[in-house]
Amino acid sequence: MTYPRSVTLRGKTIEITEAKRAARVAEMPEIDWIEDRDLRDKVIDAWIAALEAHGFSQIGEMKPSGNYDSNPLLTGTQCDHMRSVCRLAVKTAEEMVSLFPNFRYDRNILIAGALCHDIGKVWEFQPDNVKRWKADPYAVGFPSIRHPGYGVFICFAMDLPEEVAHIAAAHSAEGELLERSLENTIVHWADVTFWKVVEAGRQFAETDTWLDGLTSSISGQPKPAKP
Ligand SMILES: [Fe+2]
């Protein structure tokens with residue numbers, strides 16, 4: 001792809017520049033692990049458009065939690081979560097290859113899928129959305145669409161391949177209704193591992209002050225994280 005270029009997402013026109021692309025890679029350096037240049041470009045551009053169309057300037061601005069109403073990490077960002085899931089997923093695949101030479105997986109899809117698995121959080125974690133849903137939970141639902149569902153929308157809108165959209169769609173509980181791909185199975189368990197280890201390692205904040213205390217007042221006692 002050539003840059004700058006313009007894309008439209010949710011009716012907003014977004015200019016994708018080299019400077020914005022560099023900023024996304026700086027925040028999420030594992031993007032450079034994707035060797036397929038076209039796929040790497042699409043992951044970068046999807047994140048630029050997803051963030052900008054929903055009022056975020058970086059991934060780390062989003063609440064660092066599994067769901068909008070679960071407790072945030074004690075330290076670290078939402079971007080750190082996605083980076084860590086990617087790194088865990090790659091290590092899992094590399095471990096399998098090291099002892100089982102017939103084991104085959106698509107490394108580019110695994111990395112791209114891991115880095116995009118929670119891209120739909122730009123919708124579920126968007127503060128104005130949460131306030132709107134809270135004001136009338138029966139109007140459009142609360143949340144109206146969880147991050148896996150919205151992730152599919154962004155993936156296809158930004159021309160990411162079906163394999164990546166599937167990981168966004170079904171890395172979480174939604175995936176219990178279908179058969180996950182190999183790469184999604186790896187991402188799913190990396191995601192579960194991340195949140196379970198955070199919990200056991202006491203790396204969740206004890207209170208949820210995110211969104212000015214909005215979420216804890218909605219949900220009462222903070223819920224344990226679900227991937
Ligand atoms: Fe996740």
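Buried means 20 or more other C-beta atoms within 10 Å of a residue's own, with C-beta atoms placed from the backbone.

Ground rules first. I'm working on a predicted model, where local features need pLDDT of at least 70, side-chain atom pairs count only at pLDDT 80 or more, and totals for chains, interfaces and linings use all residues. Residues are numbered from 1 along each chain as its sequence is written.

(Helices are DSSP runs of H or I, at least four residues, numbered from the N terminus.)

Helix pair: I checked α2 (residues 37-53) against α4 (residues 107-116), and they pack at about 0° with axes 11 Å apart. Axes are lines fitted to C-alpha atoms over the stretch in contact, and angles run from 0 to 180 degrees between N-to-C directions. That makes the two roughly parallel, a label for angles under 35 degrees. Leu39, Val43 and Ala46 of α2 meet Asn108, Ala112, Leu115 and Cys116 of α4; contact means C-beta atoms within 7 Å.

Ala46 again: leaving out residues up to four places away in sequence, I find it touching Cys116, Ile119, Ile154, Cys155, Met158 and Leu160.

Helix α8: its buried residues include Tyr150, Ile154 and Cys155, and their cover includes α2, α4, α5 and α9. Just after α8, I noted Asp159 with a positive phi of about 65°.

Conventions: Parallel < 35°, antiparallel > 145°, perpendicular 65-115°, else oblique. Contact = placed C-beta atoms within 7 Å. Buried ≥ 20, exposed ≤ 12 C-beta atoms within 10 Å, placed from the backbone.
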